[in-house]
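Student: Can you walk me through this model? I'd like to start with the core and then look at the helices.

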Amino acid sequence: MSYARVGVVTGANKGIGYAIVRQLALQYPNSKLNNGPLLIYLAARDPSRGETAVSTLTTQDVPLQQANALRSLGGLTDIKFHQLDISQPPSIQSFAELLRAEHPDGIDFVINNAGMAMDGFDLNVVKTTLGCNYHGTLAATRAFLPLLKAEGGRIVNVASMSGYLNKYSAAIRDRFLNAKSVDNITKLMDEFTSAVERGREKEEGWPSAAYATSKAGEIGMTLQIAAEVKWEGKNGVLVNACCPGWVVTDMTKGMGHKTPDQGAQTPVMLAIGDIGEKSGGFWQNEKEISWTGH
């Protein structure tokens, strides 16, 4: 089957990721990028939950059925499941190889939504959280970036306002803001891990917060990759980070101000909306915001 556009959403079996897939299917027909059928890969770590999510979207999701959004209903969108665990490099590589083989002309967008939050704070929590949210997202971004179409390809990394830089010492904040490469951001993540291991993160200017620090790293890494892409002359590829807002999900333990569908709006806009060719930004509430938290 032929598709005009192909996209990937990671961590999409529930919560914001699931809502992103739904909103892509609902909004794509009215998007300026609509030039034919869209295929969305719903990627998730657990095959059973991922397959269930696709089944629910394609057979039971009321908004999609009412809008006739899916190709089975005469609409424009197909949804397929593929297993992906971003904390496991072979899983990323396997998916990238499949995308390259199935879509030799390239894919259009990747929304890296997969992530985790753990209770407590210790070295294991830090290493596990950074391993997924920072290192995993970085590896996925590196693997999928070469697959993007040179004109119009987009990477959207779903971060968090918890990644604001107002939690750090002035020296560390300035190192985030003045970084010149992804390696500079990775070094900061390594230094945070080392400080936690020595029990000195607060004395050295870090918050005792694994998730927040991983998201600061994710934002910084995304902005550096955007700068790399621009330096390489790939001006048709847009790379941005965003915060969906405080969304009611399992990760927030049911607290929040937004529904998952409301939280999906910014990542969906960055993937298929008119953003004026902007790249290298941090976005929230459908607009570019300051990373500093001020």
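**Core and helix packing**

Tutor: Setting aside neighbours within four places in sequence, F144 is in contact with L84, F95, A96, L99, V110 and N112. Contact means heavy atoms within 4.5 Å. The model is predicted: local features need pLDDT of at least 70, side-chain atom pairs count only at pLDDT 80 or more, and totals for chains, interfaces and linings use all residues. Residues are numbered from 1 along each chain as its sequence is written, and side-chain values use heavy atoms, with hydrogens and water left out.

Student: How many residues are in the largest nonpolar core, and which have the most contacts inside it?

Tutor: That core has 56 residues, and F144 and F176 have the most contacts inside it. A nonpolar core is a set of buried Ala, Val, Leu, Ile, Met, Phe, Trp, Tyr and Cys residues joined through side-chain atoms within 4.5 Å. Buried means under 20% relative accessible area, exposed over 50%, and partly exposed in between (1.4 Å probe, protein chains only).

Student: Which elements each supply at least two residues of this core?

Tutor: They are β1 (5–9), β2 (38–44), α4, α5 (123–144), α6 (170–177), α7 (182–197), α8 and β6 (238–243). The largest share, nine residues, comes from α5. Helices (H or I, at least four residues) and strands (E, at least two) are DSSP runs, numbered from the N terminus.

Student: What lies apart from that core?

Tutor: Another core, of 36 residues. Among them are V9, A44, A69 and A264.

Student: Now α8. What span should its 22 residues have?

Tutor: Helix α8 covers residues 210–231 and should span 32 Å at 1.5 Å a residue. The expected span is 1.5 Å times one less than the number of residues. The end C-alpha atoms of α8 are 31 Å apart, which agrees.

Student: How many of its residues are buried?

Tutor: In α8, 16 of the 22 residues are buried, so the helix is mostly covered. S214 is found in this helix. S214 is buried, with a relative accessible area of 0%. Leaving out neighbours within four places in sequence, S214 is in contact with T129, L130, N133, Y134 and M189.

Student: What follows α8?

Tutor: G233, whose phi is positive, near 80 degrees.

Student: At what angle do α5 and α8 pack?

Tutor: About 20 degrees, with their axes 9 Å apart. That makes α5 roughly parallel to α8. Angles under 35 degrees count as roughly parallel, over 145 as roughly antiparallel, 65 to 115 as roughly perpendicular and the rest as oblique. Axes are lines fitted to C-alpha atoms, for helices over the stretch in contact, and angles run from 0 to 180 degrees between N-to-C directions.

Student: Which residues meet there?

Tutor: Those in α5 include V125, T129, N133 and T141. Those in α8 include Y211, S214, G217 and M221.

Student: And where do α5 and α7 stand?

Tutor: Their axes come within 10 Å and cross at roughly 170 degrees. The two helices are therefore roughly antiparallel to each other. Among the residues that meet are L123, K127 and H135 in α5, and I185, D190 and F192 in α7.

Student: Different topic. Where is D105, and is it buried or exposed?

Tutor: D105 is in the loop between α4 (89–102) and β4 (109–112). At 71% relative accessibility, D105 counts as exposed. The C-alpha atoms of D105 and Y164 are separated by 37 Å.

Student: Last one: F282, buried or exposed?

Tutor: F282 is buried, with a relative accessible area of 2%. F282 is found in strand β7 (residues 282–284).
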